[in-house]
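Q: I'm new to reading protein structures, and I'd like to learn how to go through one feature by feature. Can you walk me through this one?

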Number of protein chains: 2
Amino acid sequence: MNGAVKTGIGDDCAILRPKSGFELLVTTDLCVENVHFRRAWHPAAAVGHRCLARGLSDIAAMGGEPLACFLSLGLPADLPQAWVNGFLRGLLALAQRYRVQLAGGDVSSAPQITADIVVTGQVPIGTAILRSGASPGDRIYVTGALGGSAGTLKHLLAGNAIKPTKSSPHFYPIPRLEVGDFIRKHRLANAMIDISDGISVDLRHICEESGMSAILVSNKVPIAKNADLELALHGGEDYELLFTVPKRTKVPARIAGVTVTEIGEIGYRQDYSSAIQILGDNGKVTSLPQRGWEHFTGQR
Amino acid sequence: MNGAVKTGIGDDCAILRPKSGFELLVTTDLCVENVHFRRAWHPAAAVGHRCLARGLSDIAAMGGEPLACFLSLGLPADLPQAWVNGFLRGLLALAQRYRVQLAGGDVSSAPQITADIVVTGQVPIGTAILRSGASPGDRIYVTGALGGSAGTLKHLLAGNAIKPTKSSPHFYPIPRLEVGDFIRKHRLANAMIDISDGISVDLRHICEESGMSAILVSNKVPIAKNADLELALHGGEDYELLFTVPKRTKVPARIAGVTVTEIGEIGYRQDYSSAIQILGDNGKVTSLPQRGWEHFTGQR
């Protein structure tokens, strides 16, 4: 694969050798049946894809290159082997696409399907893009269109049947690794995060870690076809990137084939309650409440 | 802690910087309620300790130095906060003892307590002790006494009340990190593994990865006070180290305060079925069946 895995599955530990002059990224994401997915809605391959995509998206949000993943699986005793095969097929197809080696893991029985994914990556020392670097005057950008995953989820929750196509960002989200890599290489951004819980939650992370505030312009937010502004602002699992760019830096309209849109600006921190404000179509500025996609689903 | 964690909890990924000239070790262990522990038997602090000890023991088995750990926790909605606090107290006490930083993780709801622990470590490039290095004529050594953890489990399964003392290898196993480090530094061993599933399983891993066979001498196997030969050979969760040493290499009777005992010898591989043989007190050599601790518990 990428040559970083010196010893994979079959010893007490995997051995990774990041390139000289690089540091290592580690992210871990837990997926639990009936919390993060439902067997009735999500094909096994989509569940495997989504699990790994969450971790890869975290690597993308640092501007990193993924190296290896580790999978801990808890499986009910009566789970059909075909489900496990489908899950692994979906996960490994995505892994292969980004040259990520499955280098270890663990298996146990469990009352519900539980998959914990660890993804490791590398980045040249000191170049990872943190959440904490946003500065006053930075423009806020997002990739792609937002709310699409939550839009699908809303339909599923309403009892509608939805065909899980490969092009659906809900079933097969695409981690923005090429975009993150471009942004790091060109030193475009002061801060970056992936949108896993919705802008209202994830931009708040940027503001909190940077000690800043933000203002969004509602009619600039790119909204997915099956979504609305509410879903675009608060819906999660889009796995697009949100990043902040110094005022005078020129940002391409597309990066690695993905549309990039300016949606607002970073400001000095006034007080905690008004960390994020939004300028509405009516010309009024209001405080943007913190609502993740739990809001729509009752899930966490 | 140990200075390797450049960015811990609070960003998309943790950033680790292993020392220059070192490679990274990664191990992952999944602990599920009623599979790996029972709330009625195991205090929360012991569950937290045991989870991390499993991962640290894997690092020890490579001769590595632990750096950071990552914890994914699935928790039932009705779990008392006191249980979570106790779990973390047990885990973090062991982490502090070995200067391991908790650098990230994830939390979700789950029908049963589920804890996936990832431990990372470092080792000078090319010096990790693998399972695959055993050679004909190597002497087989183990640390400590064996079967103690399974002995306690056997009593618990029989319905006996057992006080979970800090000195109990079942409730609070000690990862043999100092021993593993000594063995690597002095280039004592050709191959090493930790005994998590019992000698009959773990020595078989060494034989399989090395393409070798082994013979054990039954009356040399060090047996814990509350165990017998059967438990010492097949009981798991001892987290002692098993390693193979070239014939003429002198091995200290104690390493880092832990007794080290020669129990057998590595030979050329004859055929798969007789990979491990054992010389009994009666002078007869028999084939050692593969039986892990599942044998005693019906668990996996």
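Predicted model: local features only at pLDDT ≥ 70, side-chain atom pairs only at ≥ 80, totals over all residues.

Q: What about strand S2 of chain A: which strand does it pair with, and in what sense?

A: Strand S2 of chain A, residues 14–16, pairs with S3(B). The sense is antiparallel and there are three bridges. Look for Leu16(A), which has Leu24(B) of S3(B) opposite.

Q: Which strand of chain A pairs with S3(A) over 11 bridges?

A: That's strand S6 of chain A, residues 114–124, and the pairing is antiparallel. To find your place in it, take Leu25(A): its bridge partner in S6(A) is Gly121(A).

Q: How do I read the relation between the two chains?

A: The general idea is that two copies of a chain are related by a rotation about an axis and a shift along it. In this model, chain B is superposed on chain A by a rotation of 180° with 0.0 Å of shift along the axis, and the RMSD is 0.0 Å. That's the relation of a two-fold axis.

Q: How many residues of each chain are in contact with the other?

A: 49 residues of chain B are in contact with 49 residues of chain A. Among the elements of chain B that each supply at least two residues to its side are strand S1 (5–7), helix H1 (44–60) and strand S8 (191–194). The largest share comes from S3(B), with nine residues. Sorted by class, the side of chain B that touches chain A has 22 nonpolar, 14 polar and 13 charged residues.

Q: Why do we say the copies meet through the same surface?

A: Because 100% of the interface residues of chain B are also interface residues in chain A.

Q: Can we zoom in on one residue? Where is Asp106(B), and what is it in contact with?

A: Asp106(B) sits in strand S5 of chain B. Leaving aside neighbours within four places in sequence, Asp106(B) is in contact with Thr28(A), Asp29(A), Leu30(A) and Ser72(B). Asp106(B) has 19 other C-beta atoms within 10 Å, so it's partly exposed.

Q: How is chain A divided into domains?

A: Chain A has domain 1 (5–124) and domain 2 (131–297). Taken over C-alpha atoms, the centres of these two domains of chain A are 25 Å apart. In chain A, 18 residues of domain 1 are in contact with 19 residues of domain 2. On the domain 1 side, the elements giving two or more residues are helix H1 (44–60) and strand S4 (65–75) of chain A. H1(A) gives the most, with 10 residues. That side of domain 1 of chain A divides into 10 nonpolar, four polar and four charged residues.

Q: How do I read a helix such as H1(A)?

A: A general rule first: an α-helix has 3.6 residues a turn, so residues three or four places apart point the same way. Now check the length: at 1.5 Å a residue, the 17 residues of H1(A) should span 24 Å, and its end C-alpha atoms are 24 Å apart, which agrees. As for burial, 17 of the 17 residues of H1(A) are buried, so the helix is largely enclosed by the rest of the structure.

Q: And what should I look for in the loops?

A: Try backbone angles. Asn34(A), in the loop between strand S3 (22–32) and H1 of chain A, has a positive phi of about 70° although it is not a glycine. Asn34(A) counts as partly exposed, with 14 C-beta neighbours inside 10 Å. Another case is Arg187(B), in the loop between helix H4 (177–185) and S8 of chain B. Arg187(B) has a positive phi near 45°, and with 12 C-beta neighbours inside 10 Å it counts as exposed.

Note on methods: Residues numbered from 1 in each chain as written. Chains lettered and ligands numbered in written order. Least-squares fit on C-alpha atoms with pLDDT ≥ 70 in both. Contact = placed C-beta atoms within 7 Å. Helix = DSSP H or I, 4+ residues; strand = E, 2+ residues; numbered from the N terminus. Nonpolar A, V, L, I, M, F, W, Y, C, P; charged D, E, K, R; others polar. Pairing = 2+ DSSP bridges. Buried ≥ 20, exposed ≤ 12 C-beta atoms within 10 Å, placed from the backbone. Domains from an automatic or database assignment. Expected span 1.5 Å × (residues − 1).
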